[in-house]
Amino acid sequence: MTLPKTIRALTQQSAQSTTLTLTTTPPPTPTPNSDEHLIKIKACSPCAGELLWPKNFPPPTERMLIPCPDMAGIVVSAPADSPFQPGAEVYTRTNYIRPGNARDYSIAVTDELATMPKGMSFVQAVSVPLSAMTAWQILLVHVFGDGVDEEAMGIEEAKRAWRGKRILVTAASGGVGMWVVQLARILGAEVIGTCGSGNVGLVRGLGAGEVLDYRSVDLREWAGRDGNSVDVVVDCVGRQSLADAWWTVKDGGVVLSIYQPPTGVCPAGFEGSGVKDVFFIMQPVSRQLEEVTKLVEAGLCRGMVDSVWPLEQFEEAFKRLDGGHAKGKIVFDLELNQ
């Protein structure tokens with residue numbers, strides 16, 4: 001197909017600024033003799049806090065600052081040996097070393113890509129990759145493993161490891177939290193989730209056996225009751241929520257956060273012993289997303305879209321994202337206004 005000379009791109013002005021501008025740029029060009037694919041972006045999704053990443057976690061090499069790591073689209077060009085040939089409908093969370101996907105065309109590599117679940121629209125599909133792969137890596141790579149993906153458990157082995165375990169998930173109605181709840185339920189864990197009162201029904205419907213309103217429940221007091229302590233804490237929000245969650249973990253348990261190193265907010269007076277603490281940043285892995293695709297197609301779990309926006313309404317969309325009350329993912333549909 002003939003590419004346009006210019007495409008729309010949402011760009012961040014600098015690493016020190018969180019200001020975004022919708023501009024036009026030439027379409028990206030895959031590196032010859034590499035595993036790069038050119039993708040026609042149909043939908044993309046931002047991640048909370050990502051406009052602070054360039055300042056706090058500078059990219060390893062200088063690049064355009066384009067947000068939205070989640071994408072769904074159609075392969076335009078591909079390496080000859082790729083399983084994703086032109087016309088394939090794919091989705092992923094692309095690697096931070098390259099610009100994001102808030103643009104009409106973008107680049108992804110073979111080891112990131114997965115085939116979109118059958119029957120899903122691009123808008124629905126883009127709600128899945130980042131959140132689902134993060135939850136997968138939490139439950140199958142980091143909690144009981146050493147964080148090395150190549151040695152990660154398969155799903156049947158993970159079911160044996162998780163059966164009968166109790167897990168507390170903070171911000172269980174958020175993008176990552178809802179996936180941790182769903183996958184932990186599939187693996188056989190007993191799930192307790194925290195959220196606001198308006199999302200209790202949602203979290204229970206996703207598979208949590210008990211749901212705690214974080215505004216009214218004191219976790220230290222709750223954990224002090226017989227049988228309420230947990231084997232694993234998965235924290236998705238950090239700060240005071242993470243500090244409070246420390247009180248719930250058993251001796252020899254695990255406290256994992258995707259927001260900050262857990263020991264940094266371990267509360268004074270905590271006397272638990274042998275607790276493993278974990279902080280990690282997810283990396284896109286094609287085979288993990290392919291496993292998620294199977295679960296979605298089997299109807300065992302699902303993504304959730306909070307709202308859909310044209311790219312031109314990026315300011316309103318990011319305000320919704322930064323407000324912290326979205327139920328699911330904010331999505332840009334790049335077909336709108338075209």
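Biologist: How much space lies in the second largest pocket?
Modeller: The model is a predicted one. Rolling a probe the size of a water molecule over the atoms shows where empty space is left. The lining of the second largest pocket consists of 16 residues, and the closest to the centre are P28, R98, P99, R103 and I107. The lining divides into seven nonpolar, four polar and five charged residues. The space in this pocket is about 180 Å³.

Biologist: Is helix α5 mostly covered or mostly uncovered, and how many of its residues are buried?
Modeller: Helix α5 covers residues 175-186 and reaches 18 Å from its first C-alpha to its last, close to the 16 Å expected. A residue counts as buried under 20% relative accessible area. Among the buried residues of α5 are V176, W179, L183 and I186. The helix is mostly covered, and its buried residues number 10 of 12.

Biologist: Which residue with a positive phi follows α5?
Modeller: Helix α5 ends at residue 186. The phi of the residue in question is near 95°, and that residue is G188.

Biologist: What is the bridge partner of V169 in β11?
Modeller: Strands β8 (residues 166-169) and β11 (residues 230-235) run parallel and are joined by three bridges. In β11, the partner of V169 is V234.

Note on methods:
Residues numbered from 1 in each chain as written. Predicted model: local features only at pLDDT ≥ 70, side-chain atom pairs only at ≥ 80, totals over all residues. Heavy atoms only, no water. 1 Å grid on protein atoms, 1.4 Å probe; cavity = no way out; pocket = protein on both sides within 12 Å on 5 of 7 lines; lining within 4 Å. Points joined across faces, edges and corners; volume = space filled by probe spheres on them. Nonpolar A, V, L, I, M, F, W, Y, C, P; charged D, E, K, R; others polar. Helix = DSSP H or I, 4+ residues; strand = E, 2+ residues; numbered from the N terminus. Expected span 1.5 Å × (residues − 1). Buried < 20%, exposed > 50% of the residue type's maximum accessible area, 1.4 Å probe, protein only. Pairing = 2+ DSSP bridges.
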